[in-house]
Amino acid sequence: MEAISTGSFNTPTFVRGQGCWLYDAEGRAHFDGTAGSGAITLGHQYPPVIEAAHRQLDRLVHTGCKFGSDARAQLVERLAALAPFERAAVLPAVIGTEAVESALKVARAATGRRSVVAFRHGYHGKSAGSLPLTWREEFRRYSTVDAASVLVAELPQAGTPDAASACEQALEGFRALLERAAAAGASPAAVIVEPIQVTEGVLFAGEGFLDAMIEISHEHGTLVVLDEIYTGMGRCGRRFYCEGLKHAPDLLIVGKSLGNGFPISAVLGEASIINALPAGIQTSTYTGNAVASAAAVAVIEEVERLELWKLAQGLGEALGRTLAGLAERFAFIAEYRVQGGLLAFDCQDASGLSPAIAKRFVERARDAGLLLFGGGWAGATVKIVPPVLLADAERAFLEDTLRAVATQVASDEVSPR
C-alpha cells in the first residue's frame with residue numbers, strides 16, 4: 001500500500017488520458033479540472049509533446065547531471081530567450097521545490113546574506129529547504145526548520161473593497177520589516193513571492209503591490225524571487241505574470257506547465273546573479289533529463305505558436321462569467337477569483353467560511369465526472385484549473401456540471417437567492 005503521507009485521494013485508478021479527460025479502468029471519462037495539479041496546461045497526451053518525447057526516447061534518455069545533451073542545450077537556449085533578462089542564464093532542476101531551493105542558494109551566494117522573506121499563505125514546496133517558506137505549520141512540523149531565517153510579511157488581496165488600503169498597509173509593514181532587519185545587521189538575501197497564491201485559493205496581491213515591493217527590496221539590496229511555477233508558460237493569461245510588471249524580478253522560477261506532465265523546472269535570471277553560485281554546488285541526478293527537456297522544448301514551441309496566454313485569458317473570462325452567475329444565484333458562494341486559466345471560489349454558510357460545503361462540492365463534482373481540488377487557506381475554497389485547450393463541448397460540460405453541482409449543494413445546504 002502507498003504511504004498515507006502522500007495524501008492519496010479516494011478516486012478511481014486512471015489508466016488513460018486524452019485532452020481534458022482521464023479514463024478509469026471501467027472506461028468512464030472524468031473531466032480533469034485540476035490539470036494534473038496544474039501541470040497539464042496543454043492537456044493530457046498532447047500530441048506534439050508526446051511525439052517529441054518519443055523521438056528523444058528512441059535516441060537518448062539520460063546522461064546524468066554532469067554530461068550535456070542536445071535536448072538540454074535546446075531547452076536552455078529557448079528558456080533564456082523567453083526570460084525577461086538582458087543576459088539570461090538558466091539553472092535547470094527537476095521539480096518545483098528543488099528549483100525554489102536552488103533559487104535561494106543563488107540569492108545567498110549573490111548577496112552573502114542568509115535570511116529570506118516569505119508571505120502569509122505562500123506555498124513553495126515540501127522539501128526541507130523550501131518548507132520554512134511555506135505557510136502551513138502542519139507541513140513544516142516534521143521537517144528541520146530554521147525559523148529565525150525566514151521573515152513573514154503580509155500579502156494584500158486585490159479586487160476586494162478595501163484593496164487600496166490593504167495594499168498600502170502591507171507595503172508599510174514590508175518596508176518596516178526590511179528596515180528592522182537592516183538595523184539588526186541581518187538584511188535578507190531574498191524575498192520570494194507567488195504572484196498568484198494558487199494553492200491557498202488563487203489569491204493575488206496585484207501589480208501595484210508587487211512593483212512597489214520590488215522597489216523597496218532593491219533599496220535594501222535584497223533580491224526578488226518570483227515563483228511562477230504555477231502561473232508561468234501562459235497559464236495566468238500572460239507568458240509570465242511578471243510581463244505585466246514595471247520592474248522585473250531578479251530570479252524567476254518556472255515548472256509545472258513547462259513539462260506538461262514531464263518533471264522539469266528551472267530558475268531563470270541574469271547571468272551575473274545566477275553564476276554567483278559556484279560550479280558544482282547545485283546538481284541532481286535528473287537535472288536536465290533529455291526526455292523531459294525535449295518535451296519542454298515542444299511545450300515552449302506550442303505555447304508560442306498558439307499564443308496560449310491569450311487562450312487562457314479567454315477561457316478565464318468565459319468561466320468567470322459562469323462563476324459570476326453562480327455567485328448571484330447561490331448564497332453559499334462567498335467570493336470568486338479569476339486570473340487567466342486559474343479560478344476559485346469560497347464557500348460559506350450562516351456562520352462564515354465553510355470547509356464542509358467546499359468538501360461537499362468537490363465530492364458531488366467527482367460523482368458527476370468532474371475532478372476538482374478543494375482547500376484554500378481556510379479549507380473553504382474550490383479551485384478550477386482545467387487544461388486551457390478545450391473544445392466548445394468540453395467547456396460546456398465543465399460549465400453545465402458546475403451549475404448542476406451548485407444546484408445540488410444548494411439544495412443540501414441553503415436555498416437559492
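Biologist: Which residue of strand 15 stands opposite Gln348?

Modeller: Gln348 faces Leu353 in strand 15. This is a predicted model, in which local features need pLDDT of at least 70 and side-chain atom pairs count only at pLDDT 80 or more, while totals for chains, interfaces and linings use all residues. Residues are numbered from 1 along each chain as its sequence is written, and side-chain values use heavy atoms, with hydrogens and water left out.

Biologist: Why are strand 14 and strand 15 said to be joined, and in which sense do they run?

Modeller: Two strands pair if DSSP finds at least two bridges between them. Strand 14 and strand 15 (residues 352-353) have two bridges and run antiparallel, so they meet that criterion. Strands themselves are DSSP runs of E with at least two residues, helices are runs of H or I with at least four, and both are numbered from the N terminus. A hairpin of two connecting residues links strand 14 to strand 15.

Biologist: What other strands pair with strand 14?

Modeller: Strand 13 (residues 333-339) pairs with strand 14 in the antiparallel sense over six bridges, with Phe345 of strand 14 as the bridge partner of Tyr336. These two strands also form a hairpin with two residues between them, and Gly340 in the turn has a positive phi of about 60°. Strand 18 (residues 381-384) is joined to strand 14 by four bridges, again antiparallel, and its Lys383 stands opposite Ala344.

Biologist: Why is strand 14 called largely enclosed?

Modeller: Buried means under 20% relative accessible area, exposed means over 50%, and partly exposed lies in between (1.4 Å probe, protein chains only). Six of the eight residues of strand 14 (residues 342-349) are buried, so the rest of the structure largely encloses this strand.

Biologist: How do you know that Met233 is buried, and what makes Gln45 partly exposed?

Modeller: The relative accessibility of Met233 is 3%, so this residue counts as buried. Gln45 has 44% and therefore counts as partly exposed. Both have a positive phi without being glycine: about 65° for Met233 and near 55° for Gln45. Met233 is in the loop between strand 10 (223-227) and strand 11, whereas Gln45 is in the loop between helix 1 (35-38) and helix 2 (47-59).

Biologist: Why is Ser257 called buried, and what does Ser257 touch?

Modeller: Ser257 has a relative accessible area of 2%, and therefore it is buried. Its place is the loop between strand 11 and strand 12. Contact means heavy atoms within 4.5 Å; leaving out residues up to four places away in sequence, Ser257 touches Gly38, Ala39, Thr41, Ile229, Gly232, Met233, Arg235 and Val299.

Biologist: What makes strand 4 and strand 6 edge strands?

Modeller: The open sheet of seven strands has the order 4-12-11-10-7-5-6, with mixed pairing. Strand 4 (88-93) and strand 6 (150-153) each have a single partner strand, so one side of each has no neighbour in the sheet. Within this order, strand 11 (residues 251-254) and strand 12 (residues 265-270) pair antiparallel over four bridges, with Val254 opposite Ala266.

Biologist: How is the crossing of helix 3 and helix 9 described, and of which hand is it?

Modeller: The axes (lines fitted to C-alpha atoms, for helices over the stretch in contact, with angles from 0 to 180 degrees between N-to-C directions) of helix 3 (residues 70-82) and helix 9 come within 8 Å and cross at roughly 35°. A crossing is left-handed if the near helix is turned anticlockwise from the far one by less than a right angle, and right-handed if clockwise; that of helix 3 and helix 9 is left-handed. Among the residues that meet are Leu75 and Leu79 in helix 3 and Val297 and Ile300 in helix 9.

Biologist: What makes the largest nonpolar core a core, and which residues touch the most other members?

Modeller: A nonpolar core is a set of buried Ala, Val, Leu, Ile, Met, Phe, Trp, Tyr and Cys residues joined through side-chain atoms within 4.5 Å. The largest has 63 residues, of which Phe119, Phe174, Phe209, Met213 and Leu268 touch the most other members. Helix 9 (residues 290-306) gives the most to this core, with eight residues. Another core, of 31 residues, lies apart from it and includes Cys20, Leu315, Ala365 and Leu372.
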